[in-house]
Amino acid sequence: MIVQVKPSSNYSTKTMDGTQQKMEANILLLGAENVGKSALTVRFLTRRFIGEYGDIESIYNHNGKIDGREISFNIWDSLYPQNCETSESITEKQLQWADGLILVYSICDRSSFDVARQQVHRIRNAKKNSGLSPVIIVGNKRDLQHRRTVSSEEGRLLALSADCGFFEISAAETYHGVLLVFHELFDLIRETRALKKGGIKGIVRSMSAVFGRKRAD
Ligand SMILES: Nc1nc2c(ncn2[C@@H]2O[C@H](COP(=O)(O)OP(=O)(O)OP(=O)(O)O)[C@@H](O)[C@H]2O)c(=O)[nH]1
């Protein structure tokens, strides 16, 4: 059950008089069951780790500041669906909604890493632009080192191979790691938007600038 659904992002960042407008970003949390998706979300929203979260799928709205800029986050804490192929565990609607994704696995649950691997391929093979959205892969439960079954290198390599960011954190132990994940994703979303805005015109403009200068020499 989805508790609250928010509309898609607002891309404008400046008003006519040049003042900064609040930026909006839709963030989708994905990953296998029990990896800490809700723990991560609640840590970011409240700074707290409460231990048990229940099986509820929610979209939260959170207003905050990053680098002095007002941000409005819509955070979709998804549920891993029962009895389906991993490739079908992410819907086209979710991918179209998301400006950025956080893909969580547990460092002490190898099957959750396998799910993350398949989900990242599903994302990167998605239709149109949704396959290009920034993704951060998060190895959670770092506090459980003695039960680790996925090495940091494996996580980092997966992220590298799919052009994703990578963090290992413990939602249980610290707020700081969780904050870094959201900040990094926000930076990547901002970069992606700037690239989309510049588009082909931006590339042509910079090429003409280079060749134009050469001709003048
Ligand atoms: N030791 C440890 N436990 C954690 C950590 N993060 C979450 N947990 C625990 O892992 C269990 C699952 O956490 P959830 O946040 O509910 O995981 P989820 O991915 O949202 O699970 P689903 O709702 O089933 O999809 C809970 O008992 C949490 O207390 C962590 O960093 N370290």
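In what order do the elements of the protein run from the N terminus on? The order is β-α-β-β-α-β-α-β-α-β-α. The model is a predicted one. Its secondary structure comes to five helices and six strands.

Start with the whole chain. The protein has 217 residues, and 35% of them are buried. Now take the contacts with a separation of 6 or more. Residues 24 or more positions apart account for 70% of these.

Next, follow strand S4, residues 100-106. Seven of its seven residues are buried. Both faces of S4 are covered. One side carries Gly 100, Ile 102, Val 104 and Ser 106. Leu 101, Leu 103 and Tyr 105 lie on the other.

S4 has strand partners. Strand S1 covers residues 23-31 and runs parallel to S4, joined by five bridges. Within this part of the model, Gly 31 has Val 104 of S4 as its bridge partner. Tyr 105 finds its bridge partner in S5 at Gly 139.

Turn now to the ligand. How many residues surround it? The number is 21, and the closest are Gly 36, Lys 37, Ser 38, Ala 39 and Ala 172. Helix H1, residues 37-46, gives the largest share of this shell, with three residues. What classes make up the shell around the ligand? Eight residues are nonpolar, seven are polar and six are charged.

How values were computed. Residues numbered from 1 in each chain as written. Predicted model: local features only at pLDDT ≥ 70, side-chain atom pairs only at ≥ 80, totals over all residues. Near = placed C-beta within 6 Å. Helix = DSSP H or I, 4+ residues; strand = E, 2+ residues; numbered from the N terminus. Nonpolar A, V, L, I, M, F, W, Y, C, P; charged D, E, K, R; others polar. Buried ≥ 20, exposed ≤ 12 C-beta atoms within 10 Å, placed from the backbone. Contact = placed C-beta atoms within 7 Å. Pairing = 2+ DSSP bridges.
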